[in-house]
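Open the model in a viewer and keep the selection panel at hand.

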Amino acid sequence: MIETKEINIDGVLQAAQKQSIDKSAPTFVSVTEKIDKMNAIDFFQSGKVLGKNRIYWSSSDQQTIFAGIGDAVILADSNASYNTIKNKWKKWMQNSKIVNPYDNTRSGPIAFGGFPFDSEEPAEELWRGFDGSQFRVPTFLLTIDHSDVYLTTTVLVEEESHVDQLAAELITEKHQLLHVTHAEFQDNQIVLKHEVDPEAWKTLVERATEKIAANQVDKIVLARELQVEFDQPCDVGQVLSQLQQTQQHSYVFAWEKDGVCFVGATPERLVKVNDQKVFSACIAGTAPRGKTVEQDYEFGQQLLCDQKNREEHQFVVDMIKQAVHSLAKSVHIPDEPVLYPLKNLQHLYTPVEAELEEGYTLLDAVEKLHPTPALCGFPRETALDFIRHFEKLERGWYGAPIGWFDQHFNGEFAVAIRSALINEEKASLFAGCGVVKDSDPEIEYQETAIKFTPMLHALGELK
Ligand SMILES: C=C(O[C@@H]1C=C(C(=O)O)C=C[C@H]1O)C(=O)O
Ligand SMILES: [Mg+2]
């Protein structure tokens with residue numbers, strides 16, 4: 001049984017309404033309480049009953065986990081402007097009533113969402129509804145930070161709001177979410193699998209290598225799609241549970257909108273900012289895991305010495321270094337990459353640490369960094385142009401920044417790879433790879449095939 005500390009939500013809402021009347025503007029109300037231990041995926045799953053949009057985020061070390069239900073406040077911009085999102089958030093924070101007795105910003109009001117991979121690509125068929133940049137502050141947010149568990153309730157109170165009714169609704173819904181003893185999960189089963197035109201994709205890789213050979217560009221990241229069908233609507237909670245259990249060292253995320261859910265387990269941090277300290281990461285260059293310890297070691301050593309993979313990696317390091325230097329000081333980047341082991345494959349990894357210059361925020365860093373050569377290529381504009389014209393896939397939020405920020409723009413964004421867009425009985429999976437001058441289309445094809453596997457297994461691939 002979960003006991004929450006008594007907070008007089010009625011009283012807070014009434015005070016907020018007074019504030020709304022005084023300012024002739026709605027008030028952003030956020031109330032945080034500490035609660036007993038609760039499993040975040042159970043919380044996510046219980047949100048299904050309320051029929052509201054859900055979000056999920058687990059940091060790659062699983063020390064910070066969020067699960068959110070409902071849209072209390074939406075920050076969106078169809079042009080995917082970073083500034084618009086920043087300004088909208090600042091405005092809400094100025095018109096707010098925040099009750100958070102805990103000295104932990106992850107427990108207060110937090111916005112979750114993402115920017116598209118390419119702000120100039122319209123959201124069409126597949127990504128309908130995911131146009132532009134979109135963030136939301138969930139009505140109910142469960143935060144698990146190390147061993148502390150919080151529940152933050154957010155609501156807008158307007159001059160005309162019926163606060164008694166609002167308070168009653170929130171209390172009922174909160175009860176429904178917190179008092180689930182057994183969240184129900186359903187096994188997913190893939191019944192159909194379709195790779196979208198692999199031959200055309202290999203031809204495209206060849207075309208990219210020709211462009212590289214002609215010295216028009218150095219690296220282009222090309223992605224492809226794999227479509228699957230289930231025997232019944234896919235249970236996203238079950239997918240998250242699988243990803244969380246199997247994909248260590250990965251950010252596990254879900255962002256649901258009107259029954260369509262973007263889900264993934266990505267190893268790639270774009271940027272994290274905490275009290276002006278910046279952490280970014282260069283992840284590019286890939287090898288499979290070995291079947292034995294010896295073989296695994298051998299593959300790892302080969303990867304570390306492999307010219308082609310080192311080149312793929314170095315473009316990312318050089319660009320991130322330059323971007324971070326433009327808004328931060330005390331930049332620390334090791335000279336050599338190390339291995340980043342995942343369940344099915346291993347990458348070359350170079351961590352980046354720095355201190356953000358005053359006046360810059362997390363969103364400035366995201367804007368500067370995205371898209372890195374890990375997802376796009378180098379030089380950026382030429383690679384982007386190639387992707388726009390020749391890649392068949394509608395990328396949407398694949399390869400894009402997805403993450404969260406708090407009241408003071410502390411937060412974290414990951415790069416949304418190793419991901420899938422789930423729409424009831426159907427899902428599309430995405431995987432890409434860095435094409436450089438020595439790329440062989442067949443080998444790149446196999447690399448993307450391995451990148452699909454974690455998601456395929458989590459979705460219930462037919463064994
Ligand atoms: C593009 C993806 O991954 C990127 C490409 C990699 C590569 O080609 O070696 C490795 C990690 C990421 O930088 C993806 O997983 O979809
Ligand atoms: Mg590669």
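The stops below each give a selection and then what is found there. The model is a predicted one.

**The two domains**

Colour residues 9-178 and 190-458 separately; the domain assignment gives these as domain 1 and domain 2. Taken over C-alpha atoms, their centres are 27 Å apart. The contact between them draws on 37 residues from domain 1 and 45 residues from domain 2. On the domain 1 side, select α2 (40-50), β2 (54-58), α3 (82-94) and β6 (110-114), each of which supplies at least two residues of the side that touches domain 2. That side of domain 1 is made up of 20 nonpolar, ten polar and seven charged residues.

Next select Glu159, in the loop between β9 (148-157) and α4 (163-178). Is Glu159 buried or partly exposed? Glu159 has 15 other C-beta atoms within 10 Å, and therefore counts as partly exposed. Beyond its neighbours within four places in sequence, Glu159 is in contact with Ser20 and Ile21.

**The annotated region**

Select residues 198-451. The UniProt record, an unreviewed entry, annotates this stretch as "domain: Chorismate-utilising enzyme C-terminal". Over residues 198-451 the chain is 35% helix and 37% strand. The end C-alpha atoms of the stretch are 15 Å apart.

Asp197 is not a glycine, yet its phi is positive, at about 35 degrees. Asp197 is partly exposed, with 13 other C-beta atoms within 10 Å.

**Around ligand 1**

Show ligand 1 and the 17 residues around it; Thr286, Ala374, Gly432, Cys433 and Gly434 come nearest. Three strands to highlight here are β11 (219-230), β15 (277-288) and β23 (426-435), each supplying at least two residues of the shell. By class, the shell around ligand 1 holds nine nonpolar, five polar and three charged residues.

**Helix α8**

Select residues 307-325, helix α8. How far apart are its end C-alpha atoms? They are 26 Å apart, which agrees with the 27 Å that 19 residues should span at 1.5 Å a residue. Then colour the buried residues of α8: Asn309, Glu312, His313, Gln314, Phe315, Val316, Val317, Met319, Ile320 and Val324. When looking along the helix, recall that an α-helix has 3.6 residues a turn, so residues three or four places apart point the same way.

**Two cis peptide bonds**

Zoom to His370 and Pro371, which are joined by a cis peptide bond with omega about -10 degrees. Pro371 sits in the loop between α9 (362-369) and β19 (377-378). Move on to Phe378 and Pro379, where a cis peptide bond also has omega of about -10 degrees. Pro379 is placed in the loop between β19 and α10 (380-390).

**Last stop: Phe409**

Select Phe409, in the loop between β20 (401-406) and β21 (411-415). Phi of Phe409 is near 65 degrees, a positive value in a residue other than glycine. Is Phe409 buried or exposed? Phe409 counts as buried because it has 20 C-beta neighbours inside 10 Å, and a residue is buried if 20 or more lie within that distance.

Notes:
Residues numbered from 1 in each chain as written. Chains lettered and ligands numbered in written order. Predicted model: local features only at pLDDT ≥ 70, side-chain atom pairs only at ≥ 80, totals over all residues. Domains from an automatic or database assignment. Contact = placed C-beta atoms within 7 Å. Helix = DSSP H or I, 4+ residues; strand = E, 2+ residues; numbered from the N terminus. Nonpolar A, V, L, I, M, F, W, Y, C, P; charged D, E, K, R; others polar. Expected span 1.5 Å × (residues − 1). Buried ≥ 20, exposed ≤ 12 C-beta atoms within 10 Å, placed from the backbone. UniProt positions renumbered as here; feature names shortened; annotations may be inferred. Near = placed C-beta within 6 Å.
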